[in-house]
Amino acid sequence: MTPSDASGNPWSDLDRPPLNTTSLRRGLLRPDGLWTSVDVVASTGSTNSDLVASGGAEGAVLVAEEQTAGRGRLDRTWSAPPRSGLFFSFLLTPGPDVPAERWGWLPLLAGVATATALARAAGVDMALKWPNDLLIEVEGAERKAGGILAERTGDSVVVGIGLNVSLRADELPVPMAGSLALAGAKVLDRDPLLRAVLRSVEEWYGEWRRAGGDPGACRLQQAYAAGCATLGRTVRAELPGGRELVGEAVAVDGDGRLVLATEDGVQEPVGAGDIVHLRPARPEE
C-alpha cells in the first residue's frame, strides 16, 4: 500500500513526497547484510511498539510516514506532521558474544551512527545529548531535532529513532525543537537520508559486535565522547526516585554511564535519568 495522508493522496504536499519502499529495499537488503526486511506504513501508533509485538527477526526495519503515539524516554510523546521526518525502528539481537550489560550502548551507538551519517549525507553538524537526544544548531541556538528510544524484548533490542527533517518553524511542537531544514541541511530527501543512517548503524553495530560489545575496542566510546555536547558542561541529573545531582559531566564510562564531578570532589556515574544542561561547555584551553 502506498502511504498517503487523510485525503488519500500521498502527493498532497509536494515538499514531502512519500518514501519509496522499493528503492529502500533495493538499497539496504543484501544476503550478507544486517537488514532483513524494510516495511513502510502510512501511519501507526509507535514503530517501537509494533516491532516489539511482531517478534520479528534481527534486522527487521519498520518505518512510519506518521506516528500518532510516538514515544520517547520517560514516556514522553513525539508527534509531527505526516512525512515531515523519519520515524523508524529496527530490531537487533546482539547474541551470546556480547554480554547483556553492554547492550546499554545500543542507543548511544545509534546516536553516533545517525550523527555521522547526517554529517555526510545532509551536510549538517549534529551533537549528542546524553543519553539519547540529537541536537542541531538553529540560528545560533542549540535545538533538539530527534531522539532515540531502545527497549529490550526477550533476547533482542528494539531501537527507535525519530528525526525532524522538513518541519517548519510554525510546525515545531515546542520552541526549543528544531529540524534539518531549519539547520540549513543540504539534503532533505528522506530516502537517501534513511539509507545513510541505516548503513551507518549497520557499520557501527558490526564493529561493536565483533569487539564483543567493548566500546573502547571498536572506537565507539571515543566517537561518542567526541560528539557529545553534554561533556564539559555543568548539568543537573534528575534521577529516578526524585533525587537530583548537579555537577560537571566529565566522561562517559565503559558502561555508557555519564560521570559527573560534583562540588564535593566526588565523581558519580549516572546510568539513568533526565539531564538538563545548565551552562555551556568550558572553552578549550
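Axes here are lines fitted to C-alpha atoms, for helices over the stretch in contact, and angles run from 0 to 180 degrees between N-to-C directions. Helices (H or I, at least four residues) and strands (E, at least two) are DSSP runs, numbered from the N terminus. The model is a predicted one, in which local features need pLDDT of at least 70 and side-chain atom pairs count only at pLDDT 80 or more, while totals for chains, interfaces and linings use all residues. Residues are numbered from 1 along each chain as its sequence is written, and side-chain values use heavy atoms, with hydrogens and water left out.

First, confidence. With pLDDT being the predictor's confidence in each residue, from 0 to 100, the chain has a mean of 91, and 90% of its residues reach 70 or more. Residues 1-7 fall below 50, yet this stretch still has 15 contacts in the model beyond near neighbours in sequence (contact means heavy atoms within 4.5 Å).

Now for the helices. Helix α4 (residues 190-210) has its axis within 10 Å of that of helix α1 (residues 21-28), and the two cross at roughly 30°. The pair is therefore roughly parallel (angles under 35 degrees count as roughly parallel, over 145 as roughly antiparallel, 65 to 115 as roughly perpendicular and the rest as oblique). On the α1 side, S23, L24, G27 and L28 touch D191, L194, R195, L198 and R199 of α4. Sorted by class, that makes 4 nonpolar, 2 polar and 3 charged residues (Ala, Val, Leu, Ile, Met, Phe, Trp, Tyr, Cys and Pro count as nonpolar, Asp, Glu, Lys and Arg as charged, and the others, Gly among them, as polar).

Helix α4 also meets α3 (residues 106-121): their axes come within 8 Å and cross at roughly 135°, which makes α3 oblique to α4. Among the residues in this contact are L109, V112 and A113 of α3, along with V197, W204 and W208 of α4. The class count here is 14 nonpolar, 3 polar and 1 charged.

Then there's the sheet. Five strands form an open, antiparallel sheet in the order β13-β12-β11-β10-β14, where two strands pair if DSSP finds at least two bridges between them. Strands β13 (267-270) and β14 (274-277) sit at the edges with a single partner each, so one side of each is left without a neighbour in the sheet. On average, neighbouring strands are turned by 45° against each other, direction ignored. Inside the sheet, β11 (residues 244-252) pairs with β12 (residues 258-261) over 4 bridges, and A251 has V259 in β12 as its bridge partner.
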